[in-house]
Amino acid sequence: MDTLSYKTVSPNAENVERNWVLIDAEGQHFGRLCSKVAKILRGKNKPDYTPFVECGDYVVIINAEKIVFTGKKMTDKIYLNYTGYPGGQRELTPEVLMKKSFNKHLKAGKHPLFIRGVKGMLPKNRLGRKLINNMHVYNGPSHPHEAQNPKAIDINAVK
């Protein structure tokens with residue numbers, strides 16, 4: 001029997017094809033959009049998915065300020081972080097994080113609300129820290145990634 005005929009070929013970083021994807025966030029629900037973006041960043045929508053390889057696509061999200069939260073989550077949902085010092089627990093709402101995204105001192109494409117939402121859905125290791133840098137989020141309809149020719153996809157069609 002030929003043992004080479006039934007070996008599983010696992011892709012590595014050199015032979016993985018990675019594309020640029022453009023997503024319009026206008027009218028999308030925040031949590032559902034973040035879970036689909038995390039799946040694309042991880043590469044779980046591809047047939048050659050490997051858990052320990054960076055095989056996902058680069059994601060560009062536009063119109064991030066037109067995202068939708070259901071109910072009163074925009075003002076009532078609380079994100080906690082802790083500075084490490086006594087009394088250093090900080091509370092942030094999505095409304096505050098959205099206002100921070102318009103700050104001119106932030107690095108372009110680094111939207112604090114989307115980083116919070118997607119980062120929790122990625123692995124908590126060095127691969128997850130690397131994958132979050134493949135996401136670029138912009139409040140308006142324009143983005144500086146035209147040279148990469150991102151392919152616009154309908155996020156509602158992604159399973």
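In this predicted model, the buried residues of helix α4 are P112, L113, F114, G117 and V118. Helix α4 spans residues 112-119. Several elements cover these buried residues. Among them are two helices, α1 and α3 (94-100). The cover also includes three strands, namely β2, β3 (79-82) and β5 (135-137).

The packing of α4 against α1 can be described in detail. Helix α1 comprises residues 30-42. The axes of α1 and α4 lie 9 Å apart. The angle between the two helices is about 65°. Angles of 65 to 115 degrees count as roughly perpendicular, and α1 and α4 are therefore roughly perpendicular to each other. The crossing of α1 past α4 is right-handed.

Six residues of α1 take part in this contact: F30, L33, C34, V37, A38 and L41. On the α4 side, the contact is made by L113, F114, G117 and V118. By class, nine of the contact residues are nonpolar and one is polar. No charged residue is present in the contact of α1 with α4.

Strands of a sheet pair through backbone hydrogen bonds, either parallel or antiparallel.

Strand β1 covers residues 20-24, and strand β2 covers residues 58-62. The two strands run parallel and are joined by five bridges. Within this pair, I23 stands opposite I61 in β2. Strand β1 is mostly covered, with four of its five residues buried.

N63 is found in the loop between β2 and α2 (73-76). Its phi is near 55°, a positive value in a residue other than glycine. N63 has a relative accessibility of 5% and counts as buried. N149 also has a positive phi, of about 50°, although N149 is not a glycine. This residue sits in the loop between β5 and β6 (151-152). N149 is exposed, with a relative accessible area of 63%. Thus N63 is buried, whereas N149 is exposed.

T50 lies in the loop between α1 and β2. The relative accessibility of T50 is 5%, and T50 counts as buried. The cut-off for a buried residue is under 20% relative accessible area. Leaving aside neighbours within four places in sequence, T50 is in contact with S10, P11 and C55.

Definitions and conventions:
Residues numbered from 1 in each chain as written. Predicted model: local features only at pLDDT ≥ 70, side-chain atom pairs only at ≥ 80, totals over all residues. Heavy atoms only, no water. Axes fitted to C-alpha atoms, helices over the stretch in contact; angles between N-to-C directions. Parallel < 35°, antiparallel > 145°, perpendicular 65-115°, else oblique. Left-handed = near helix turned anticlockwise from the far one by under 90°. Contact = heavy atoms within 4.5 Å. Nonpolar A, V, L, I, M, F, W, Y, C, P; charged D, E, K, R; others polar. Buried < 20%, exposed > 50% of the residue type's maximum accessible area, 1.4 Å probe, protein only. Pairing = 2+ DSSP bridges.
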